Amino acid sequence: MIIDIHTHLGDVLYPAGGSIIENGRTPMPLVDPLKIFEQRGWRGIRGQRLLEKWAMRTGLARSRAATRANMRAAMDKYGVDYTAVMAVPPAVTFADLHAAHQKDQTMLPFTGVDYTRLNCVDEQFSADHANNAYGLKLHPILQHVRLCDPRTFAAVEAFAPYRLPVLFHAGVCEYYPDPAEKQFASPQFGAIEDAIPLIQNFPHVNFIVGHAGLDGFHAVIDLFSHLPNVYVDVSFQSAENVRQLLAAFGTERVLFGSDWPWGQMDVSLKILEQVCDAAQLRRVLGENSAELLGIS
Ligand SMILES: [Zn+2]
């Protein structure tokens, strides 16, 4: 069984991004510099900085193509049985993902926090849980709320009783190439250190460090690999980095994730096939996530 623990339906970057989910087979960008990074298995390349702005633009185009039909096609192509799909309110809400889940039960929705209605978070999570929420996603950069912010603590405390995983974006990164849109993101809120008090405060919550921290993966290893309630997804991590993550976290706490459509599913799959033996692969591709999500 293969579970992609970190994917997106809907355009998380713009208001009402959930409205694109049923747009069918929207084409992915044809000219796509992200493919250069993908073909190199996410290893750094010369001239990377020149490519970054261009890559950011194709990131926007990929995000607009995060439809249910495109995800279905990618899952079928690469043999992925389940995807965990991440809400990022206000752009993509749990309601958007719940509607998709009702059409395709292999897409498992994570809920998100509506920070404008934090006073109702208990009621929201109770309803979401009753509607098959499989976890909680936090996106400090796009939601403009740091992981160490008391509002994040309040949300995680409200979600903790459900004993489901909390996946947070980790790693400083930019999303918007256009200067006029920079205000829509707070890149520094992706700092790994912000997660320290959150994780310390909730030792009984299973946290998934999104993208294993991107370029901050060494800090993720140093700070969190000794904590049994911390997991990592391998999206955007090279084979060499995945080897280090496996050595530090152990096979039980490393999870296949692509961050589709920002990353293609087969890239991380191939990297894991390259660095894992058969027993490790079973755990990392499916068993670990199945246990976290409570599916069999
Ligand atoms: Zn994400």
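**Helix packing and overall fold in a predicted model**

Colleague: At roughly what angle do the axes of helix α10 (residues 239-249) and helix α11 (residues 265-275) cross?

Modeller: This is a predicted model, in which local features need pLDDT of at least 70 and side-chain atom pairs count only at pLDDT 80 or more, while totals for chains, interfaces and linings use all residues. Residues are numbered from 1 along each chain as its sequence is written. Helices are DSSP runs of H or I with at least four residues, strands are runs of E with at least two, and both are numbered from the N terminus. The axes of α10 and α11 (lines fitted to C-alpha atoms over the stretch in contact, with angles from 0 to 180 degrees between N-to-C directions) come within 10 Å, and they cross at roughly 60 degrees.

Colleague: Which term describes how α10 and α11 lie to each other?

Modeller: Angles under 35 degrees count as roughly parallel, over 145 as roughly antiparallel, 65 to 115 as roughly perpendicular and the rest as oblique. The term for α10 and α11 is therefore oblique.

Colleague: How far apart are the axes of α5 and α7?

Modeller: Helix α5 covers residues 121-130 and helix α7 covers residues 150-159. They pack at an angle of about 40 degrees, and their axes are apart by 9 Å.

Colleague: Which residues of α5 meet α7?

Modeller: On the α7 side, the contact involves Ala154, Ala155, Ala158 and Phe159. The residues of α5 that meet them are Val121, Asp122 and Phe125.

Colleague: Is Thr116 buried or exposed?

Modeller: Thr116 lies in the loop between β3 (107-112) and α5. A residue is buried if 20 or more other C-beta atoms, placed from the backbone, lie within 10 Å of its own, exposed if 12 or fewer, and partly exposed in between. Because Thr116 has 9 C-beta neighbours inside 10 Å, it counts as exposed.

Colleague: What is the radius of gyration of the protein chain?

Modeller: The protein chain has twelve helices and eight strands, and 48% of its 296 residues count as buried. Its C-alpha atoms fill a box of roughly 45 × 40 × 35 Å along the principal axes. The radius of gyration is taken over C-alpha atoms, and the globule rule is 2.2 Å times the number of residues to the power 0.38. A compact globule with 296 residues would have a value near 19 Å, which agrees with the chain's 17 Å.

Technical notes
Two residues are in contact if their C-beta atoms, placed from the backbone, lie within 7 Å.
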